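I opened the notebook to look up a few local details, one entry at a time. Here is what I was working from.

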Amino acid sequence: MIDIKTDSRKVKPGDTFIAIRNVSRDGHDYIEAAIEAGATKIICEEGNYPVETVIVPNTREYLDKYLYENYYPKFSDMKFIGVTGTNGKTTICYLIYQMLTKLEKKCAYIGTIGFYYPGESRELNNTTPDTDLLYEMFLEAKEAGCEVVVMEVSSHALDLNRIYGITYDEVAFTNLTQDHLDYHKTIENYRDAKRILFTKTRGDKIAVLNKDDENYTHFLLEENKNITISSKEGDVQILSIDFSNLGTHFRFSFKDTLYETNIPMVGRYNVYNYLTSLLLVESLGFKIEEILNLNETLQAPKGRMELIPYGTNSIFVDYAHTPDAVINVLESSKEYKKGKVITIVGCGGDRDPLKRPIMGHAAEVNSDYVIYTSDNPRTEDPNLILEDILKGVKQDNHEAIVDRKEAILKGMSMLKDKDILMILGKGHEDYQIIGKEKHHFSDQEIVHEYIEKNPIEKDLS
């Protein structure tokens with residue numbers, strides 16, 4: 001594959017190691033380890049080493065150009081689809097991956113839940129990995145026969161130019177709400193970073209936009225072929241939506257044709273996610289009808305409104321970790337609730353603290369009862385994170401339990417007939433980050449263990 005490495009742990013005898021400086025570490029500190037592992041050439045910005053050494057002004061720029069010149073031509077004929085926005089990226093990309101695979105067009109997915117192509121799946125550390133890792137995955141996908149790559153493109157990746165050299169045949173904008181301001185500082189910077197994706201288009205330049213988001217005009221570029229989705233007026237118009245706890249029935253119009261369908265996912269926002277996926281796949285040359293025929297076989301990504309039935313109760317595990325995402329999933333649950341909505345939610349440490357009271361308020365006003373708890377506290381005191389969250393809480397329909405497992409067990413024990421339990425924030429994650437260490441932790445496992453110990457033979461009353 002690629003013969004130049006940025007991670008000394010991945011160096012094999014004969015490799016070239018390039019020392020990259022980033023926010024958390026300096027690759028120059030790992031040059032000796034790379035040489036011990038067998039690196040025969042070092043590319044760096046300073047220093048003198050006992051193997052061939054090349055000094056360059058900026059190693060990141062050198063790496064980007066090297067990768068583009070030497071490897072981009074090997075996979076440039078694949079179709080690239082990029083999706084950005086605060087919420088919905090994972091669901092849209094994973095739906096596209098499933099749709100194309102079922103339509104017998106080999107596709108690779110890169111995003112929050114990992115790197116997938118037929119016969120392969122593995123976890124990733126970042127939604128959009130660094131440039132060298134991305135190029136490695138593109139080459140791997142090409143070698144496996146993939147014709148399409150669909151990927152989530154994060155604001156960090158766009159701002160840091162991790163997608164150097166890549167241009168997209170199709171792009172999409174989901175929505176924009178407050179997130180990652182610890183990095184971007186202002187919502188305008190955050191929005192501008194995401195807009196970069198829409199300037200990196202090629203070929204048919206398809207751009208699918210959620211017109212019902214007030215920021216959509218920022219992504220409406222003249223050079224792209226824009227397709228809008230709206231419940232009011234758009235190229236695709238959503239005409240009606242009906243919910244149950246197991247799925248959604250909706251009607252929409254597109255190109256003067258009326259369609260009616262069901263998807264095995266819940267939530268108004270998932271109608272937008274599904275339609276975005278459908279339009280991007282349709283633009284690759286498939287008919288709407290053949291895509292709709294796949295709906296019963298589609299699955300939401302793990303941890304995205306993932307349903308665990310418990311007697312007459314519905315337990316949902318969801319990745320919602322922004323104010324808007326919390327509001328969306330809780331409003332969705334209220335649309336078909338028959339009992340109470342109990343919510344378990346927290347906020348991550350070492351991340352945007354400004355959203356914490358906003359999330360606290362969003363949970364209390366959209367739930368009958370809330371248990372505030374830990375998410376990934378990282379290096380912050382979880383008690384102080386909870387204090388920040390509770391600054392936005394005005395009602396008395398809540399309690400705070402620092403230990404996440406204890407909070408989930410408490411929520412489970414509170415369930416009565418036809419109640420809904422929303423467990424938010426971690427979704428697909430099977431770990432909790434405390435300090436700088438990852439510890440195994442799964443919301444789903446705790447729920448299933450509780451159900452095994454407390455089976456329900458008949459309806460609760």
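I started with a term: two strands pair if DSSP finds at least two bridges between them. I also noted that this is a predicted model.

**Entry: strand β6**

I looked at β6 and β7 with that rule in mind. They form a hairpin with 2 residues between them. β6 covers residues 107–111, and β7 covers residues 114–117. The two run antiparallel, joined by 3 bridges. I found I110 opposite F115 in β7.

β6 has another partner, β9 (residues 148–152). Here the pairing is parallel, over 4 bridges. I110 also stands opposite M151 in β9.

Which way do the side chains of β6 point? C107, Y109 and G111 point one way, and A108 and I110 point the other way. Both groups are buried.

**Entry: an open sheet**

Next I traced a sheet of 6 strands. I read the order as β16-β17-β21-β18-β19-β20, with mixed pairing. The edge strands are β16 (306–310) and β20 (398–400), and each pairs on one side only. The twist averages 15° from one strand to the next.

β17 (residues 313–318) and β21 (residues 420–424) run parallel and are joined by 5 bridges. F316 stands opposite M422.

Then I looked for what lies across the strands. Helix α13 (residues 404–413) lies across β16, β17, β18, β19, β20 and β21. The helix runs at about 165° to β21.

**Entry: K89**

I found K89 in helix α3 (residues 89–102). Does this charged residue sit buried or exposed? K89 is buried, yet has no salt bridge. The nearest side chain of opposite charge is E152, 5.0 Å away.

What else is around K89? The backbone oxygen of T86 lies 3.4 Å from a polar atom of the K89 side chain. Beyond four places in sequence, K89 touches V83, T84, E152, V153 and T174.

**Entry: E45**

I located E45 in the loop between β3 (41–44) and β4 (52–55). E45 counts as partly exposed because its relative accessibility is 23%. Its side chain makes a polar contact with the side chain of R21, at 2.6 Å. The E45 side chain also reaches the backbone nitrogen of T59, at 3.1 Å.

I compared sequence and space for that last pair. E45 and T59 are 14 residues apart in sequence, and their C-alpha atoms are 6.4 Å apart. Other residues that E45 touches include H28, I55 and P57.

**Entry: salt bridges**

How many salt bridges did I count? The count comes to 24. I looked at three of them.

D15 and K5 meet at 3.3 Å, N to O. D15 is in the loop between β1 and β2, K5 is in strand β1, and they are 10 residues apart. D15 is buried at 10% relative accessible area. K5 is buried too, at 15%.

E52 and K41 meet at 4.0 Å. E52 lies in β4 and K41 in β3, so this pair ties together parts 11 residues apart in sequence. E52 is partly exposed at 48%, and K41 is partly exposed at 24%.

K302 and E306 meet at 3.9 Å. K302 is partly exposed, at 44% relative accessibility.

Note on methods: Residues numbered from 1 in each chain as written. Predicted model: local features only at pLDDT ≥ 70, side-chain atom pairs only at ≥ 80, totals over all residues. Heavy atoms only, no water. Axes fitted to C-alpha atoms, helices over the stretch in contact; angles between N-to-C directions. Contact = heavy atoms within 4.5 Å. Buried < 20%, exposed > 50% of the residue type's maximum accessible area, 1.4 Å probe, protein only. Lys, Arg positive; Asp, Glu negative; His and termini not counted. Polar contact = N/O pair within 3.5 Å; in protein donor to acceptor, adjacent residues only side chain to side chain.
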